[in-house]
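Me: I would like to go through the helix packing and the pockets of this model. Could we begin with the packing?

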Amino acid sequence: MTGTIFSDFADLFSNVINIQWQMVLMWIVGGVLIFLAIKKEMEPTLLLPMGFGTILVNLPLSGAITQDVEAVTKGLEANGPLTELFNAGIANELFPLLLFIGIGAMIDFGPLLKNPWLMLFGAAAQFGIFFTFFVARFFFDINDAASIAIIGAADGPTSIFVAQQLNSKYLGAIMVAAYSYMALVPIVQPPVIKAVTTKKERRIRMQYKPGEVSKTTKILFPIIVTIVAGLVAPKSVALVGFLMFGNLIRECGVLNQLSETAQNALANLITILLGITVASKMHYEEFVQWDTILILALGLVAFVFDTVGGVIFAKFLNIFLKDGKKINPMIGAAGISAFPMSGRVVNQMGLKEDNQNFLLMQSISVNVSGQIASVIAGGLILTLVTR
């Protein structure tokens, strides 16, 4: 009896003895994510489950939640609950596609349809993706380089979809980088924008002329975009289609309850499941590697150059525009896919420079166009790599 008690205590404290520095490092990473979610209120629906999940999967013997330990010890292959969740929701791209329905239901394309020329900034702000693809080829094979480049879209579902389609072996690091940079938009973008603009440029006021967009136009828009995307970038049709389907639910006017469900319950539930599932790929044995650091660095490069690409494009257009018609180049930075955070960041920066400089409608319109452009960019990357 005494021997059994001592044996139980030995098993209990063996977990403490088995703690490795890599585990502690991942606990710290998880703690930072939780801090950002609660204290800074940065994407709490996503970062809180991701942070908690990171701590969870890096505890001693945490393999019990990613695989059936008892079955494995008997020589059998068996998955644990998180692995099953990953296979059911990410391995087959189900979670990203369902989330895009919710995102589409949240988006009002009206302001963009009033000023369709703002779509150009969404396209320009994808420059960092293709630049990073070129750079990443020096370090990774073509499939992994393409998957890493999509981090620049600041769009988690698109990053997951592309990486999964290309069978990237760095899926965990790519998911973490994409969602982390998406949540860190308020920290990363302002200094980049300030570095490539002058105070005078940031104080440029832009007039916004409100107007009505017909219901027919709003209904036809998601249908037409899906058809065009399917013709131009066939590989993007799944993502674009689900995004536009969500928007069609919003605009059709006969599915209001379904639209509200997609915007709130569905989007929140899938985001929580994504956060936990992403964390399952953050085990220290896979995550604490030099390749992970390089992927995070390249993801930041993509993110920064996307921001710069949109701003520089606006500055280029200003060369040909008269005074009074010039564009505030900051709105170009909203062309990334982090909706609606990037649009809000640009508007806040405009108000800091001039408390009467309201850029919200223009920046949100550009941000919406970036949502579409990033998905199409992902499809183009897939087409280039898999042709």
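Me: With which handedness does helix 3 pass helix 17?
Reply: The crossing of helix 3 past helix 17 is right-handed, the near helix being turned clockwise from the far one by less than a right angle. Helices here are DSSP runs of H or I with at least four residues, numbered from the N terminus. This is a predicted model, in which local features need pLDDT of at least 70 and side-chain atom pairs count only at pLDDT 80 or more, while totals for chains, interfaces and linings use all residues. Residues are numbered from 1 along each chain as its sequence is written, and side-chain values use heavy atoms, with hydrogens and water left out.

Me: At what angle do the axes of helix 3 and helix 17 cross?
Reply: At roughly 30°, and the axes of helix 3 (residues 44-57) and helix 17 (residues 256-279) come within 7 Å. Axes are lines fitted to C-alpha atoms over the stretch in contact, and angles run from 0 to 180 degrees between N-to-C directions. Helix 3 is therefore roughly parallel to helix 17, a term for angles under 35 degrees.

Me: Which residues make the contact?
Reply: Among them are Pro-49, Met-50 and Gly-53 of helix 3 and Ile-272, Gly-275 and Ile-276 of helix 17, contact meaning heavy atoms within 4.5 Å. By class, the contact of helix 3 with helix 17 has 8 nonpolar, 6 polar and no charged residues. Ala, Val, Leu, Ile, Met, Phe, Trp, Tyr, Cys and Pro count as nonpolar, Asp, Glu, Lys and Arg as charged, and the others, Gly among them, as polar.

Me: Now the pockets. How many residues line the largest pocket?
Reply: It is lined by 35 residues, with Glu-43, Met-106, Phe-339, Pro-340 and Met-341 nearest its centre. A pocket is an open set of points on a 1 Å grid over the protein atoms alone, where a 1.4 Å probe fits, with protein on both sides within 12 Å along at least five of seven lines; lining residues have an atom within 4 Å of a point.

Me: Which helix gives the largest share of that lining?
Reply: Helix 17, with 6 residues. The lining of the largest pocket has 22 nonpolar, 8 polar and 5 charged residues.

Me: And how many charged residues are in the lining of the second largest pocket?
Reply: None; that lining has 17 nonpolar and 3 polar residues. Helix 2 supplies the largest share of the lining of the second largest pocket, 7 residues.

Notes:
Helices (H or I, at least four residues) and strands (E, at least two) are DSSP runs, numbered from the N terminus. Angles under 35 degrees count as roughly parallel, over 145 as roughly antiparallel, 65 to 115 as roughly perpendicular and the rest as oblique.
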